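Please consult the sequence and the model alongside the text.

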Amino acid sequence: MPRRYGPYGGAYVPETLIPALQELEAGWRSARKDSGFRRELAQLQQDWAGRPTPLYPASRLSAEIGGAQIFLKREDLVHGGAHKLNNALGQGLLSKRLGKKRLIAETGAGQHGVATAMVGAMLGLRTEVYMGEVDMERQKPNVERMRLLGATVHPVTQGTRTLKDAINEALRDWITNVETTHYLLGSAVGPHPFPSIVCDFQSVIGEEIRRQSRRHWGDVPDLAVACVGGGSNAIGTFHPLLSTRTKLLGVEAGGDGTGEGAASLTRGSPGVLHGMMTYLLQDDEGQILPTESLAPGLDYAGVGPEHAFLKDSGRVEYTATSDAEALRAFHLLARTEGILPALEPCHAVAVAVERARAMRRDEKIVITLSGRGDKDLEVVASHGHPA
Ligand SMILES: *Cc1c(COP(=O)(O)O)cnc(C)c1O
C-alpha cells in the first residue's frame, strides 16, 4: 500500500491522528488478505448493492456520433444510484471488523452521506454526517434521505459552509472519538491510507470492465473515460487497466467559463489540503480558491494524489469540459439511449463523444457512468430543453 505516489499523497495531519491512520492501515492490510472478509463483501456487493453492473453497448449513441463504439459502465444502476456505495460498503464492513460502532462522514451534495447512511443502517452502525449549511439548503432531499435512514446530520457553519469545511469538521471529530469511530471518507483523497483503501474498493469497476470487455469483444477497451471530482470512480476505472494498452482519460469540471471551475489537475498546482499533497486550486499564498460546477459531485478544489502522479507520469490524460458541454451530453444520452445520467459523468460523456468521432468504427470506448440523474433534474430543467 503506497504512502506516496511520487511526491504526492502522504499524511499531513496532526500527530494525534497518526495512531488512528496506522490502525486503519493495519486493519485494511489484514482484511484484504482474509478470504472471509472478501467473501462477505462480494456477497453484499451482489445481493444488496446489485453488482456486477452491466457494460452496456450504447449503439444508438454510437451510430449518432459515427466513430468508435461506445460502451457505458452502468454504475448508475448500483443501489443508491451511484458508485459511491462501493466504497461506503467496503469501509462499513472494515469499520465493523475494527470494532468501531460509530461511522462519521463528510458530504457535499449529500450523495456520499446517503451512501454512508444506507450502509450504516444495513450494518447496524450509528451514523453521523457533517454537511455544510449552504449544501444542506441546496440539497434538501438528500438531507431528508439521510434522516430517514436513521443518520444524524450535523450542519457545518465554518468557512464557506460547504464540502471542504465538512471534511475539516469530520477530521476534528475523528481526532476526539477515534476509539469508537471510523471516519468513512468519501473519495480517493485525504491522508494515507484513505486514497489506497478507496481505490481498492472502487477497483471493482475496472475489474468488471476488464472481464466484461473480454466477453463482449475479446479485448480491453481502446479508451476508458471517467469524470474526476475527488477521483474515486476514475481511479476505480483506471487502476485495473493501468497495466494494459488501454488509453485512459479523466475529465474534470471546467465550470461556466468565468473561473477555474473545479479543474485542479488541469488548472491547479501542487500543495497540501486535507492531509495530502496533490494538485489544488489555490492562490499564491496557498489559500484554497472557491470552485464552481453545475455537477455538485465534481465541486472540490483538490483531487486524489494518485491522479496527480498519473498526470505527471503521462499514463493518464486529464482534461476539463464546461457546464454547457455536460448539459448537451445529458440530453444526447437521454434521447439516444433512454438514460438520464448524473451531471458528473456527463462531463466524461461530452469529451468521449468528441474523441469517438476521431476514432475508427472498430475501436471501443468505455465511459464510466458514475451515477443517475434524478438528483439533477431541477438543475437541468432550469437550463431549458434543447431545440
Ligand atoms: C460524487 C460523485 C462523483 C465524483 O466523485 P469521484 O470521487 O471523483 O468519483 C462523480 N459522479 C457521481 C454520480 C457522484 O455522485
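Helices (H or I, at least four residues) and strands (E, at least two) are DSSP runs, numbered from the N terminus. The model is predicted, so that local features need pLDDT of at least 70 and side-chain atom pairs count only at pLDDT 80 or more, while totals for chains, interfaces and linings use all residues. Residues are numbered from 1 along each chain as its sequence is written, and side-chain values use heavy atoms, without hydrogens and water.

The largest pocket holds about 850 Å³ of space. A pocket is an open set of points on a 1 Å grid over the protein atoms alone, where a 1.4 Å probe fits, with protein on both sides within 12 Å along at least five of seven lines; lining residues have an atom within 4 Å of a point. A volume is the space filled by probe spheres set on the points, which are joined across faces, edges and corners. Of the 31 lining residues, Asp135, Arg138, Gln139, Pro296 and Asp299 lie nearest the centre of the largest pocket. Helix α7 supplies the largest share of this lining, 4 residues.

The second largest pocket has a volume of about 480 Å³. Its lining comprises 19 residues, and Arg38, Leu41, Gln45, Val204 and Glu207 are the closest to its centre. Two or more residues each come from α1 (18-33), α2 (35-47), α9 and α10 (204-217), with the largest share, 7 residues, from α2.

Helix α9 (residues 194-202) also packs with helix α4 (residues 84-97). In this contact (heavy atoms within 4.5 Å), the α4 residues include Gly90 and Leu94, and the α9 residues include Ile197 and Phe201.

How values were computed: Axes fitted to C-alpha atoms, helices over the stretch in contact; angles between N-to-C directions.
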